[in-house]
Amino acid sequence: MNMSLELLLATPFIGGLLTYIGGKVHRWVRNIFAVLFSLLTLGEMSLFYNTTFKGDVWGSLFGSKLILQTNPITWLFLLIVTSISLLVIVFSVDDMKHEEDHIVLDSYYMQLLFVEGAMIGIVLAGDLITFFMFWEIMSWTSYFLIVHGGKKSMDAGYKYIIMSIIGAYAMFVAIAMIYSKAHSLVYPDVALVLSQSSPTFTIWIIILLGVGFFVKAAVMPLHTWLPDAHSEAPSPVSPLLSGVLIKMGAYGLFIIFYGLMSANLAKNIMPSIFSTPVLLYIVQWLAALSIVLATFLAIMQEDAKRLLAYSSISQIGYVVLGLATGTSLGVAGGLFHALNHAIFKSLLFLAVGAVIYRTGTRNLSDLGGLVKKMPFTFVALVVGIIALAGVPPLNGFVSKWMIYEALLQKKEVFLLIMAFVGSTGAFLYVYRLVHSIFLGQLSQKHENVKDVPILMQIPMWVLVIATVIYGIFPGLAMDVIVKGMKMFGFAPIAYNLYGFPQGSTMGALKVINIASVLMISFVVAWIFFLLFSKSRKVSQYDNYAAGQVVTPELKYNYSFGFYMSFGRVIKPIFKISIERIYNYWVDAAKIFGDYYMRRVYTGNLETYNSYIVIVVTIAAAAVLLGGKIW
Amino acid sequence: MVKMILIAIGAPLVAFAIGLSFMMIKRKIVARIQRRYGPTIIQPIYDVLKLLVKEDNISHGVIFSLGPIIAIAGSILAVFFIPMAGFSMLTGSGDLIALLYIMAIGSLGMALGAGDSANPNASIGISRALTLMFGYDLPLVIIVISVALQYHTTNLSDIVAAQANGNWTLWTLPLSAIVGFVVTYGALGEHPFDIVTAPHEVATGPMVEYGGKHLGFLMISHAFHIYIEIALFVDLFLGGASNILIFYLKMFAVFFIMIMFDEVLPRFKIDDAVRFYWKWPTVVALISLIIVLVK
Amino acid sequence: MIYYLGSFLLIAIGLYAIIIKKNLIKILIGLNLAASGVNLLIVSIGYIKNGTAPIFSKIGINPSAMVDPIPQALTLTAIVIDASELALAVAFVVLLYRHYGTLDIKKIRSLKW
Amino acid sequence: MVNLANPILLIAIPLLFVFLIAFSSAFSKSIAKYLPIFAFGLNVVIAIMIIPDVLKNGLVIATTAGFKPPIAIDMVVDRLSLFLAIIASLLGFVVSIYNVFYIDEEPEEKFYALFTLLVAGVIWMIITGDLFNLFVAFEVTSIAAFGLVGFHRDKGAVEAGFKYLVMGSIGGSFLLVGVIMLYAATGTLNIVDIAQKSAELTFQQKFLAYALIFTGLGIEGALFPLNAWLPDAHPAAPSSVSSILSGIMTTAAIYAIFRITNTIFDYNQIYFFLMFFALLTLIFGEVAAFFQKDIKRMLAYSTIGQTGLFFFAFTLHSTNGLQGAFMQIINHSLSKSMLFLIVGGMIMQVGSRNIDDFAGVGRKMKVSAFFLAVGMFSLMGLPPFFGFWSKLKIIFAALQQTNILMVASVVIILLMSVVEGAYFFKLLQAMFFGKPKQDREIKEASLGMLTAVVVLGLILLFVSFYPTPIIDFTHQAASDLMNKNYINLALKLGGL
């Protein structure tokens, strides 16, 4: 197996260019190229499945080697990146058909592949320059994807790119600080330097790098770009953003916490709370706050994609929470949840995208009753929400369970409570999603809606199957994760294909039993149900309405402000808006800048001339005073 | 093997029987509290049977019909995870944390079915049910964590075993037990938390469109539900039981006290219910949790 | 010494005119005054009292008594530059007057900020 | 056999062509259009021919009129100045092509003469080894620039031209006084010679002159607060001229400050003082650019910001810092000139300089817009474009000592980069995804103009994806400068 990592990295970029050129020939050439190259990338990636470690030097810059490397953890993220990208591209073929301007569409596919390539680059990076370079490439290419979504997406994209740049530059400072000490940015060298430098330095590095990753991972309070960007982006892009892109932040956190700075080091340089280094403990709290607050916000949304976007903030909170525990189980849970979230959140966004494709709206209160018209999409969405809510036996449950157990082992009970609350809150918003779109009254204008074309269904099928498989056989993912974590010095976790055996401090989990018993009881109940007389199917207007007759014109459905009464309970929380605080400061800075600029460049020649004279005078005076001024 | 199969078939039946018996007793007791004679004690059985064999029943679609089925399937699944008088079939396949989620399967299935009925009353009812669930979940989680920490395990069988010899959690963690008791009200939708199905407001809420065998199934599912919630309470706080009779008696004691309070309380508005749960039970549960932590 | 003083005075007056005066023409005069001051300064640097021109026009001139030739060359160049600059400036003033109808620099502020 | 690889030819040829252009109108109207292309084409060839010599010896000195330095005026080409000269010639060449299709206003031959003079002056400023010569080059450049800024002769152009003229003249006077003071103190005008002889001067003697020279060059080099002319002049000038002004002229002035400071006034404290200016320039440039409504004015302010950035890198006074500065200069020269050229083409189509009117232009002028995006990304320092490498280098160099001052500077730089990103992305966004406002038919710029843009763009892309030679070259140039190789070699080769 002599696949080179450079080739893997180059494939999507070359593919992107070829796709763009192919678009000049015919749109099908373009579509086939796009699918083919993402498939090729996936294939190349899969060759590294058994690779425990592989590193290639692909260049050098300023005396630091540029390295590409892979190990099982990167493989896990590569899997997320390449597979979701492929599915998104397949989904795009039909979903983006409405765009007439085919240049825009050509560049759209090119950017999709570029984003994929950039993310592969981030994951494969074996040094911080490579990492940072692809990080930035990812930021701007994904920006272009976001703004494909129309008028409102421009503001969202703008906010996204500005916050990304800020985050990236925070990382930049940290990287430069490391470079000044190490003169090399290869991970092992960096780790060595961090282990030898002063605690203050190390903590600063972690904070600065962390800010960059937090922005991308949308951990509160740096999340404000996400709800807009993810909801305004075109439907096929949202899964890529929500499922994959924010995982890069999680991957970055994993790298700094456990790649660049081993857990021991963290413990040595700072006090610990609940046997967690204080910095990680703060990270955990931020993640937990993200979980709870984003859940509350998601419950109150009226827009399907916005709801999912907030849910992403909340779910990424679990990932970060798990990663920051520092125990084998917690980190494994976090990594596994990253994979699971990628799967089910992509599934949900694709399902909602399918609904938007057919109905043209994503406003929850405009939809309803589509289960009869789009049964397949309904199944996909239901599987997605079950996984998201963390209900067994689907995949979201297993990873959340691992995180809970890890927190319980460490006795971090308050975090555990918050994580739980977020999860229960998820029941509320996922039910809202499925109820408002698929259940309830079918409105007249959606009478002729059909299920989506086959090309859009295939990605959803794949994800549905993946959701079930990873749910019932968590061992499949744990193989990779545990193997990878061993390289980062974690104790192995006892696991088997179906779950986790009983440990000394943790409970057991065997998802296959849960699943099979559930299936059996379901079948039994169903047979029992069929024993009795057959039901008579009635129209949706044959309904109890306190004696009134329900007619098609009447909107006889409760879907707006679904959780209004709950909204009253959590109203005090919404009085504080982080975004408003940011906007306030940005506005203040703008006014300040404007005010002073106007006073400098007055347009008056005399003023300008006097500047010159003043500078000369000051400089001359400084010299005549013997340079004492400085 | 044969024993396993027997338990597998028997456990749900026993659970159903216990739940149904409570439903029967409840009506009688309530009637007596209200100085009524009340229906005959086997009235609920009549009700269920009548509904099940009813020839004319309507359906709003597949999902509508699936709702009650999933509700029962989920309930049966949960029954296997709760140690019942020494039998615990699946506690090795999922612990307390998993159980909390497993218990939700039935309710969510039911919610799906009810939502398909396109009746606003049903939707409002579900909205309230989920909100209420969110409300009582917070204190519930806290007390579950307290208990798990107390016994250093999340395995329910181990928790029961640790309470052998009368060393009940009720005595060691009285505050948690009280909160658990209050939470059980919400979980069962009893007074004062019955706004979900309030007949005069939302015409029995999620059940509004259900009739015939569907409604019969829902009543069966409710019987399971009563069993699950109270059995969980008994296992967590009253040390479970080694034989089915003692188990039943403990459950009955809990249920009887519940009904006693039940009928004298007014009904909470839904947001008040959530506020209530997030206020006192949560605070008390937290105090209890901190006690465990410090200990 | 007096030359230095004089040249610096000229430069100062020029700068004063440039900064304080509102009239375009006066500003140009100020510019030119300053330029003249600079030229004077250059020449005075190379000046030697009772020196001769740096040309071997007849035999017997003491090279050390010659004034430094380089500053003079520089001055010539500088004067040429000043002249061309002034010409351009005057052209601009004419155009400005056409566009704005005024020579007051305070009023010529369409470009600012 | 005349050795064509002579630095003097770099100036002589364009100056010759200036006269040719001025006289050409007597024969044919249109010939003037094409002469600058030949001039700078030849220049590029000659500059490239000098490369081997410079690489071999590190320095090439050419003297005039058969005298030997320090008496004679000499042209000194080392790695740094050669590479700036190449950029200047190249830009001159490319922009000349652009001009042919861009300038349609009379008097054309005067425009071409002035344009050629401008670029010649810039090259002169870069390769001269003599302070007074520097002043002359400075004035030649300035006068050409004054004329070109006012070329349109409309209200704004005249005003901008006049203001620029007044400020430039003051700057010239200060520069001259400074030069003369040095001459008075040392009796020589050759930079290297001054560096030798000024060792025994007192601090005041030396640095009073420096203060004046710095102010004079700082006006041209757009250092805050001496740069008030720039945001007026760049938008008012024809875009091709803005491209030269922005791309290489300010850079040349900054280069002169580099050279003089590094050769003659190489004191640590002075760099600290300069850093202050650099950061102020950066802040004011970028912040002001953010508020602009006029696209060219925005780019002009952005030039100020970029100048601040590479001037900052220069004041770091380390090999890495200098290397970063040089890389940033390449980046800025190529990108910013390209941007001005593209914007010039777009303004022709849109008929306005207001940013709001540019909405949706990117969809009509695809090639232009693509290279516009490339240029902007490079300026912002987004990978994989060249600006990323240079910004990386600058920040790495700045944080070589992690003291609080440096960290604060870096924070300022990066914050300003965010501001830069903010306005560039605002423009790009409107351009690519905005809804076009007017019904005006917008076509792609003419092929000739595009050629110029594409040439620059491809060069930029090439160095972006294959930066190694540039990195090596600039590293060598930077270490030459730091090791005082300039002085040593000039002494050895020039026979001083």
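How far apart do the C-alpha centres of domain 1 of chain D and domain 2 of chain D lie? They lie 22 Å apart, in a predicted model in which local features need pLDDT of at least 70, side-chain atom pairs count only at pLDDT 80 or more, and totals for chains, interfaces and linings use all residues. Residues are numbered from 1 along each chain as its sequence is written, while chains are lettered from A and ligands numbered from 1 in the order in which they are written.

**View 1. The two domains of chain D and the surface between them.** The domain assignment, with bounds that come from an automatic or database domain assignment, divides chain D into domain 1 (1-266) and domain 2 (267-487). Across the boundary, 43 residues of domain 1 of chain D are in contact with 45 residues of domain 2 of chain D, where contact requires that the C-beta atoms of two residues, placed from the backbone, lie within 7 Å. Helix 3 (79-102), helix 7 (191-197), helix 9 (230-236) and helix 10 (239-263) of chain D are the elements that give two or more residues to the domain 1 side; helices (H or I, at least four residues) and strands (E, at least two) are DSSP runs, numbered from the N terminus. Helix 10 of chain D provides the largest share of that side, 15 residues. By class, the domain 1 side holds 25 nonpolar, 15 polar and 3 charged residues, with Ala, Val, Leu, Ile, Met, Phe, Trp, Tyr, Cys and Pro counted as nonpolar, Asp, Glu, Lys and Arg as charged, and the others, Gly among them, as polar.

View 2. Chain D has 20 helices and 2 strands, and its C-alpha atoms fill a box of roughly 70 × 65 × 40 Å along the principal axes. A compact globule of 496 residues would have a radius of gyration near 23 Å, and the 21 Å of chain D agrees with this; the radius is taken over C-alpha atoms, and the globule rule is 2.2 Å times the number of residues to the power 0.38. Buried residues make up 69% of the 496 residues, a residue being buried if 20 or more other C-beta atoms lie within 10 Å of its own, exposed if 12 or fewer, and partly exposed in between, with C-beta atoms placed from the backbone. Of the contacts in chain D with a separation of 6 or more, 80% join residues 24 or more positions apart. In helix 5 of chain D, 19 of the 19 residues are buried, so this helix is largely enclosed by the rest of the structure. Its residues 131-149 should span 27 Å at 1.5 Å a residue, and the end C-alpha atoms, 26 Å apart, agree with that value; the expected span is 1.5 Å times one less than the number of residues.

**View 3. D:Ile471 and D:Ser390.** D:Ile471 is found in helix 19 (residues 468-482) of chain D and counts as partly exposed because it has 19 C-beta neighbours inside 10 Å. Although D:Ile471 and D:Ser390 are 81 residues apart in sequence, their C-alpha atoms are 9.0 Å apart in space.

**View 4. The contact between chain A and chain B.** Of the 4 pairs of chains in contact, chains A and B share the most contacts, with 60 residues of chain A in contact with 66 residues of chain B. The largest share of the chain A side, 11 residues, comes from helix 17 of chain A, and by class this side has 35 nonpolar, 18 polar and 7 charged residues. Strand 7 of chain A pairs in the parallel sense with strand 1 (residues 58-59) of chain B over 2 bridges, pairing being assigned if DSSP finds at least two bridges between two strands. A:Arg536 stands opposite B:Ile58 in strand 1 of chain B.

**View 5. The contact between chain C and chain D.** This contact takes 24 residues from chain C and 26 residues from chain D. Helix 2 (24-46) and helix 3 (69-100) of chain C each supply at least two residues of the chain C side, and helix 3 of chain C gives the most, with 12 residues. The chain C side divides into 19 nonpolar, 4 polar and 1 charged residues. Chain B and chain D, by comparison, do not touch, and their nearest C-alpha atoms are 41 Å apart.
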